[in-house]
Amino acid sequence: MTLLLLENVTASYGKAQALFDVNLNLKEGELMALMGRNGMGKSTTVKVIMRMLRGTGNLLFEGRDIMGLPSHRVAQMGLGLVPEGRRCFRDLTVAENLSASARLGYWSLPRIFELFPRLGERQVQVADSLSGGEQQMLSIGRALMTNPRLLILDEATEGLAPIVRQEIWVAIGKLKAETGIAILLIDKSIKELREICDSATLIERGKTVWTGSMKSLDSQTLDRYVGVS
Amino acid sequence: MGAANSCTQTCGVFMSFALFAEQVLNGLQSGIMLFVMAAGLTLIFGVMGLINLAHGSLYMVGAFAAAAAAAWTGSFLLALVAALTGAALVGMFVEMLVIRRLYDRDHLDQVLATFALILIFSEGTRFFFGSFPLFLDVPKVIAGPINLPIGIEYPVYRLIIIGVGLCVALGLWLLISKTRLGVQIRAGKNDREMIAALGVNISALYTFVFAIGAGLAGLAGALVGAIQSVQVGMGEPVLILAFVVIVIGGIGSIKGAFIGAILVGLTDTLGGIFLPELFKLFMEGSIATSLGSALASMLIYILMAVILVCRPQGLFGVQG
């Protein structure tokens, strides 16, 4: 069953149009990679989905039109965002970051600390004093604490040491195996995306140019639209 | 003879100590009321980035609400409740009608719009209540003085004001640091877009914060209105002091507002009394008095300047 549907979505930053025709169909429990070169509209698409940027076209979550809703309503319906640049609340402690927007459900502080033991050890530390990797874990934990149906990860492994990236990938793998949550992933690590994702949607110049299962994504297409195969 | 002399000296020392202690209490009382006023201002500035010149008008609204409620019900306690809730409600409506359109605008627009609110509130109040000051009487039981140790006589009501202010400080500290709402307020201060994207209704949160600030300003207006008088324009001098307080304390910091308010209250009160006396020690009486009181009225601004030179972000402000 379709969880998130985008049809003919457009969006602009002031007068500069960034999205021209984005189409995306993500099913329940599916892990989808949103791919494309830098500046092609991946993060902009996420902003429109999260209602942080105004857009036009059809935007449906669980069959309901969410294009006119404010950001917080969309989040309450079950979209959890791990934004580009992590954006932890820097003056708040780890525990406060996690509980600020928590909603009842499967995810609770003990479960987050089980997934990311490092966060458990730093509960009373302020987010500003954490390493980049820990902040990324905090940002993921914070989104999970809202108990979303769909988790959106925007560049969750960017700028991290290889060993920390591995930890993040392991955690995403666990999420997939243990909870059945749907995930929309933006990442530069093509190899990991290939291994973990069920499907892919490719964007170029603000348009969806390819969509299908990850298995059917051939290296020619990948090379043409993402630049690496 | 010798014994009598030493008694006079000792009594004299006690007298001047009692006078000093009384002035310290006065300073504390005015400082704590400044805190109740400034807490809302610093919260609104710190959380929403809004300069609210109309905060003094909410102080006035509280005082008038209290005077009207006291005249109607005869109860001072109900008058205080009316001040708090009346100002909070007015604050809530003003936030929803006007203020929320200003968050994304620059400070000049905010200053202009909230200055317009001052004019509207002042003329509106004049229209309904007239230009003559109203009086809000403190109940007789707490109006008189009480004897404190070492011969200090001090009005009960002013001690109650200090108590109420301390309770407000404690309550605010608990709200901001211990409750989930407080966590969300602080999160919103760090990244407003992000807290909304996690499902927190930021505009309801802002309305709430504004209403709390407005309610506290109203409470301060009523408490002080009972000592002074309730009249149009009573909020603006306090507003200026409150801005001095939050600049000294560091914008957005409740702790800073508390320390800053006490500092300003003590400096203003003690300076006004003791500076002329100090000058009399080494110059002629009338010159000392005029020079001393002239300098005393500048003292808090000198304090602010000194603190800003040493710590440009204020005592508890965050740099950058």
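This is a predicted model: local features need pLDDT of at least 70, side-chain atom pairs count only at pLDDT 80 or more; totals for chains, interfaces and linings use all residues.

**Entry 1: H2 and H10 of chain B**

With that cut-off in hand, I asked which residues of H2(B) meet H10(B). From H2(B) I found B:His55, B:Gly56, B:Ser57, B:Tyr59 and B:Met60. Their partners in H10(B) are B:Gly235, B:Glu236, B:Val238, B:Leu239 and B:Ala242. Sorted by class, this contact has 5 nonpolar, 4 polar and 1 charged residues.

Next I looked up the geometry. Two packed helices are described by the angle between their axes and the distance between the axes. H2(B) covers residues 55-73 and H10(B) covers residues 235-249; their axes come within 8 Å and cross at roughly 130°. That angle makes H2(B) oblique to H10(B). I wrote down the crossing of this pair as right-handed.

**Entry 2: H10 and H12 of chain B**

I stayed with H10(B) and turned to its packing against H12(B), residues 285-310. Are these two helices roughly parallel or roughly antiparallel to each other? Their axes are 9 Å apart, at an angle of about 25°. Angles under 35 degrees count as roughly parallel, and H10(B) and H12(B) are therefore roughly parallel to each other. H10(B) passes H12(B) in a left-handed crossing.

For the residues, I found B:Val244, B:Val247 and B:Ile248 on the H10(B) side. They meet B:Ile300, B:Leu303, B:Met304 and B:Ile307 of H12(B).

**Entry 3: chain B as a whole**

Chain B has 12 helices and 2 strands. Reading from the N terminus, I get the order α-α-α-α-α-β-β-α-α-α-α-α-α-α. The radius of gyration is 21 Å, close to the 20 Å that the globule rule gives for 320 residues, so chain B is as compact as a globular protein of that length. Its C-alpha trace spans about 80 × 50 × 40 Å along the principal axes.

I checked burial as well: 45% of the 320 residues of chain B count as buried. Of the contacts in chain B between residues at least 6 apart in sequence, 76% join residues at least 24 apart.

**Entry 4: chain A as a whole**

I noted 9 helices and 10 strands in chain A. Its radius of gyration is 17 Å, close to the 17 Å that the globule rule gives for 229 residues, so chain A is as compact as a globular protein of that length. The C-alpha trace of chain A spans about 45 × 40 × 35 Å along its principal axes.

Buried residues make up 44% of chain A. Among its contacts between residues at least 6 apart in sequence, 67% join residues at least 24 apart.

**Entry 5: where the chains touch**

Last, I asked how many residues of chain A are in contact with chain B. I found 20 residues of chain A in contact with 17 residues of chain B. On the side of chain A, the elements giving two or more residues are helix H2 (71-77) and helix H3 (94-99). H2(A) supplies the largest share, 4 residues. By class, that side of chain A divides into 8 nonpolar, 6 polar and 6 charged residues.

Technical notes
Residues are numbered from 1 along each chain as its sequence is written. Chains are lettered from A and ligands numbered from 1 in the order in which they are written. The radius of gyration is taken over C-alpha atoms; the globule rule is 2.2 Å times the number of residues to the power 0.38. A residue is buried if 20 or more other C-beta atoms lie within 10 Å of its own, exposed if 12 or fewer, and partly exposed in between; C-beta atoms are placed from the backbone. Two residues are in contact if their C-beta atoms, placed from the backbone, lie within 7 Å. Axes are lines fitted to C-alpha atoms, for helices over the stretch in contact, and angles run from 0 to 180 degrees between N-to-C directions. Angles under 35 degrees count as roughly parallel, over 145 as roughly antiparallel, 65 to 115 as roughly perpendicular and the rest as oblique. A crossing is left-handed if the near helix is turned anticlockwise from the far one by less than a right angle, and right-handed if clockwise. Ala, Val, Leu, Ile, Met, Phe, Trp, Tyr, Cys and Pro count as nonpolar, Asp, Glu, Lys and Arg as charged, and the others, Gly among them, as polar.
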